[in-house]
Amino acid sequence: MAIAVLVAYMLAVIGIGYYMKSRIQNEMDFLAAGGKLGVWVGGMTLAATQMSAGTAIGTVGFHYQVGYNFAWIWPAIWASWVIMAIFIAPKMKAFFNSNKALTIPDLLGTRYESNAIRVISVLILLVCYGMTVVAELVGGSYLLNVVFDIPITWGVLIIAFIFIAYTVMGGLFAIAYTDVLQMIVFALGFAIAVPFAVSKAGGFSKLNETLSSIDPNLVATGMPSSALTAVALSFFIMMIGYPIIAIRFYSIKDNKTIRRAVGISFIFQAIVAVSIAILGVSARVLYPNLTSPDLASSTIAMDLLPPVLGGLLLAAILAAIQSTVSAVLLMLGSSISHDIMKNVMKKKLSDKQQLKITRIVVLIMGILPIPFALNPLPLIQQIWINAAALIGSSFAVSILLGLYWKRATKAGAITSMVGGIGSAILWLSLGNPFGLDPVYISVPVSLLGMVFVSLLTKPVSKQALQPFFKDVQASESGNTIAG
């Protein structure tokens, strides 16, 4: 019965992709759903895009290891959502309306008047998000292997086929509407599993007593506060201008709808945050000898829950994987087709030709990570934590200061992005000297590089600033009228 539920879910998302194919008329429909998503669809696609194998498998595994206090990363994530909704989304949506921008490299390339920044942005996206696609594929293949004894290779291919199929067919329309299904399945699947797990552990009080007997830190500070702060800071910085989230703002109808959609996403995120924390610590009590913490979610699904509900939880895990990886896939494909081919190489193509090329590139971007996913990887959540440090170090400063500091220049942005990711990679490769997380080094490097180099180099033109600053728009309008 569990496998029947899982197969039904897989067929449903492919069916949605096929149905949404008819709504795709041009590149804007494919990459931004025509900029017309409403509150509920927008909110659920925002939440689903954030959720991943790192959440459904990795975060549950972290709670299994360290106990309750890993949940403190969520307030940091929510704080960054508020900043995005209030300060970043309105300017991005205004830029979309005025310039029909479709990607983050679009925004950065226009703001800093630089194709070099477009190329650098695309390369960073390919490397950082390539890591996360591999992690998601591995997470899905582990799930199918543990539950149904499907070989890892076939598991990777099955997972890849599903998300490639509906993404290539329906673009962001398909992703957004499958995200509605996926977010419902995700929240429902994990929430329903909680009472079963707590009951099996003897009730909430007994659960905590047993946790304390295993290790008192599991109900207190299982993860040292310094390490927890560093992880929370990594996710906070990553989420500010987080590319796969930020481009969703292009697709939502208007600023009021964006703010409401973020509120809707908080509801689903809160349900998931509480559920996965309780399931993680419950698994530690019920299954204390798992060979890997990443097996906690699937073990609960198959060993504890009735078959139908177990299948629902498995579908929830798969939903988390596919919602994120499809968003990443679309972003990577658009970076190549829209930013490199259309804007940097200046290929003159009709709407139909551009759409066809974008679909082909998305297909290729979906296939490329598959060979890398066939090799063993460390804990999935650790991959996401490292990727968060690299992404945040690259984009947070260049996006935020680009939108709010007129003096930010092309040279400053390049220095900020390259210096940020370069110092993060170096710090990680050195094994985090002095026990410091990369963000404590890379973000100051990124910020200082932006400020000092910008002050020493030529400002960008008023034309580049005009889409982002209302006073510049008014000034230019006044000059036009006077002329």
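## A loop residue and its surroundings

Leu290 is placed in the loop between helix H12 (255-286) and helix H13 (296-303), where helices are DSSP runs of H or I with at least four residues, strands are runs of E with at least two, and both are numbered from the N terminus. This is a predicted model, in which local features need pLDDT of at least 70 and side-chain atom pairs count only at pLDDT 80 or more, while totals for chains, interfaces and linings use all residues. Residues are numbered from 1 along each chain as its sequence is written, and side-chain values use heavy atoms, with hydrogens and water left out.

Leaving aside neighbours within four places in sequence, Leu290 is in contact with Tyr64, Leu295, Ala296 and Thr299, contact meaning heavy atoms within 4.5 Å. Tyr64 lies 226 residues away from Leu290 along the chain, yet the C-alpha atoms of the two are separated by 9.7 Å.

## The fold as a whole

The protein has 20 helices and zero strands. Its radius of gyration is 22 Å, close to the 23 Å that the globule rule gives for 483 residues, so the protein is as compact as a globular protein of that length; the radius is taken over C-alpha atoms, and the rule is 2.2 Å times the number of residues to the power 0.38. Along the principal axes, the C-alpha atoms fill a box of roughly 80 × 55 × 40 Å.

Of the 483 residues, 58% count as buried, a word that here means under 20% relative accessible area, with exposed meaning over 50% and partly exposed in between (1.4 Å probe, protein chains only). The accessible surface comes to about 18100 Å², of which 68% belongs to carbon and sulfur atoms, as computed by the Shrake-Rupley method with a 1.4 Å probe, where for residues only the protein chains shown count as cover. Among contacts between residues at least 6 apart in sequence, 85% join residues at least 24 apart.

## Aromatic pairs

A search of the whole structure finds eight aromatic pairs. The rings of Phe186 and Phe190 have their centres 5.0 Å apart and their planes at 80°, so this pair is edge-to-face; rings of Phe, Tyr and Trp (its six-membered ring) pair if their centres lie within 6.5 Å, and planes under 30 degrees apart count as stacked, over 60 as edge-to-face and the rest as tilted. Both residues lie in helix H8 (residues 152-200), four residues apart, which is about one turn of the helix. Phe186 counts as buried at 1% relative accessibility, and Phe190 is likewise buried at 1%.

Trp427 and Phe434 form a tilted pair, 6.5 Å centre to centre with 40° between the planes. Trp427 counts as buried at 13% relative accessibility, whereas Phe434 is exposed, with a relative accessible area of 78%. Elsewhere, Trp74, Trp78 and Phe266 form one aromatic cluster.

## Charges over rings

The charged end of Arg284 sits over the ring of Tyr64, 5.5 Å from its centre, and the charged end of Lys91 sits over the ring of Phe469, 4.3 Å from its centre. For this, NZ of Lys or CZ of Arg must be within 6 Å of the ring centre and within 35 degrees of the ring normal.

Ser275 lies in helix H12 and is buried, with a relative accessible area of 5%. Its side chain reaches the backbone oxygen of Ile271 at 2.7 Å. Leaving aside neighbours within four places in sequence, Ser275 is in contact with Phe190, Ala191 and Val194.

Conventions
A polar contact is a pair of N or O atoms within 3.5 Å; within protein, one must be able to donate a hydrogen and the other to accept it, and residues adjacent in sequence count only if both atoms are side-chain atoms.
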